[in-house]
Each structure stands twice: as structure tokens, then as C-alpha cells.
Amino acid sequence: MNRRTLIKSLGAVGSIGVVAVSIDTAFATSSPVGGTVEAKSITGRGGDESHTVLAHEGTLNVDDVEYRDAFSDWQNVTVDDALARRFENDYETVYYNLHVHHETANKKQSIPAGESLAYRTDRPVFNSVQVGDSVQFKPTGADVPRIDSLE
């Protein structure tokens, strides 16, 4: 094998190695993040408008008058099937959010310990925790931070 062929071969192998490392980095699982749920919120979206249905930060604020009677226990904010169907009838999209104060850094979204971030989640995860609860999770989502499950 002449020198030129050898250099081309090494270049191709090097490029494959770089691609493999890049793919491995892109699909690597993120480190677990620990924190405290400092707030919960539900946002309904219809067309170009976004509307906060409720926000719970130790006190419960139900911004949508239509839903004020649906949340009687301010300490235990959950959404049952019937209420979820009402949301789905009133809004094109419903977002369940957990606002987490980080005790450990979220390297995926570059959030250091001591700071807070709102995460979208699904209704079962939203219902499983309350304000003040400690949580541990692996963050997902690129553009919008998500919690898909708790550990």
C-alpha cells in the first residue's frame, strides 16, 4: 500500500470514529437531576393564544373562572379523567408543567444547582407529585425541557 492510499484509509477510519462519537454523544442518557417541585401549572393553548388555567405555588391560583370549582383541595392538585376531557374540549393542546428548583445541575439544559426550570410532563407524572415534594428524574427534550418519568 503506498503512502497516499494509507493516509486516505486512515482519514476514512478517523471520520467514522468522529461520527460514532457524535452519535454516541447525541443519544447518551442524561444524568439524573434532583430537586424540589416549587410549583405546578396547567396551560391551555388554542390557536395562537396560550392561557394559564392554573398555577400552584404554595397558593392555588385558578385563572380560568370556568375551572375554579374543579380544584377544591389546594394542597393536592390533580386532574382526573373527567377534568382532563373538559380541558381537551376547551383547548387544542393542554400542557402539564412541573416547576423544579434544582438541587443538582441539569447538564442537558445547562441549569446549575440552585436555579429553577419549568418542565412539561404528562398528566400521570403531574398528578403523582405536589408542591414541596422532592423529585429525581432524567430530563428529556431539546427545545422544551420534559420530565417523562420520575425515578
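1. Serine 41 touches Leu54, Ala55, Tyr95, Tyr96, Asn97, His99 and Phe126, not counting residues up to four places away in sequence. Contact here means heavy atoms within 4.5 Å. Serine 41 lies in strand β1. Helices (H or I, at least four residues) and strands (E, at least two) are DSSP runs, numbered from the N terminus. The relative accessible area of serine 41 is 8%, so serine 41 is buried. Buried means under 20%, exposed over 50%, and partly exposed in between, with a 1.4 Å probe and protein chains only. The serine 41 side chain also makes a polar contact of 2.8 Å with the side chain of histidine 99. A polar contact is a pair of N or O atoms within 3.5 Å; within protein, one must be able to donate a hydrogen and the other to accept it, and residues adjacent in sequence count only if both atoms are side-chain atoms.

2. A word on the basis. This is a predicted model, in which local features need pLDDT of at least 70 and side-chain atom pairs count only at pLDDT 80 or more, while totals for chains, interfaces and linings use all residues. Residues are numbered from 1 along each chain as its sequence is written, and side-chain values use heavy atoms, with hydrogens and water left out.

3. Next, the overall layout. The protein chain has three helices and seven strands. Along the sequence they run α-β-β-β-α-β-β-α-β-β. Of the 151 residues, 30% count as buried. Take the contacts between residues at least 6 apart in sequence: 56% of them join residues at least 24 apart. The chain exposes about 9,300 Å², and carbon and sulfur atoms supply 50% of that area. Areas come from the Shrake-Rupley method with a 1.4 Å probe.

4. Which residues touch the most other members of the largest nonpolar core? They are Ile42, Tyr67, Phe71, Val79, Phe87 and Leu98, in a core of 26 residues. At least two core residues come from each of β1 (33-46), β2 (49-56), α2 (81-90), β4 (93-102), β5 (116-121), α3 (123-128) and β6 (134-140). A nonpolar core is a set of buried Ala, Val, Leu, Ile, Met, Phe, Trp, Tyr and Cys residues joined through side-chain atoms within 4.5 Å. Leaving aside neighbours within four places in sequence, valine 79 is in contact with Ile42, Phe71, Ala84, Phe87, Tyr96, Arg123, Phe126 and Asn127.

5. Lysine 40 deserves a look. Lysine 40 is found in strand β1. Lysine 40 is buried yet has no salt bridge. The nearest side chain of opposite charge is aspartate 133, 7.4 Å away. For charge, Lys and Arg count as positive and Asp and Glu as negative; His and the chain ends are not counted. What lies 2.6 Å from a polar atom of the lysine 40 side chain? The backbone oxygen of valine 77 does. Beyond four places in sequence, the contacts of lysine 40 include Leu54, Ala55, His56, Val77, Asn97, Leu98 and Phe126.

6. Now the salt bridges, each a side-chain nitrogen of Lys or Arg within 4 Å of a carboxyl oxygen of Asp or Glu. The count comes to two. Arginine 123 forms one with aspartate 81, with the closest N and O atoms 2.8 Å apart. Arginine 123 lies in helix α3 and aspartate 81 in helix α2, so the pair ties together parts that are 42 residues apart in sequence. Both residues are partly exposed: arginine 123 at 22% and aspartate 81 at 47%. Arginine 146 also forms a salt bridge, with aspartate 148, at 3.0 Å between the closest N and O atoms. Arginine 146 is partly exposed at 27%, and aspartate 148 is partly exposed at 39%.

7. Not counting residues up to four places away in sequence, arginine 123 touches Val79, Asp80, Asp81, Ala84 and Tyr96. Arginine 123 and aspartate 80 are 43 residues apart in sequence, but 8.8 Å apart in space, C-alpha to C-alpha.

8. Is serine 134 buried or exposed? At 58% relative accessibility, serine 134 counts as exposed. Serine 134 is found in strand β6. Leaving aside neighbours within four places in sequence, serine 134 is in contact with Gly35 and Thr36. Serine 134 and glutamate 38 are 96 residues apart in sequence and 9.4 Å apart in space, C-alpha to C-alpha.
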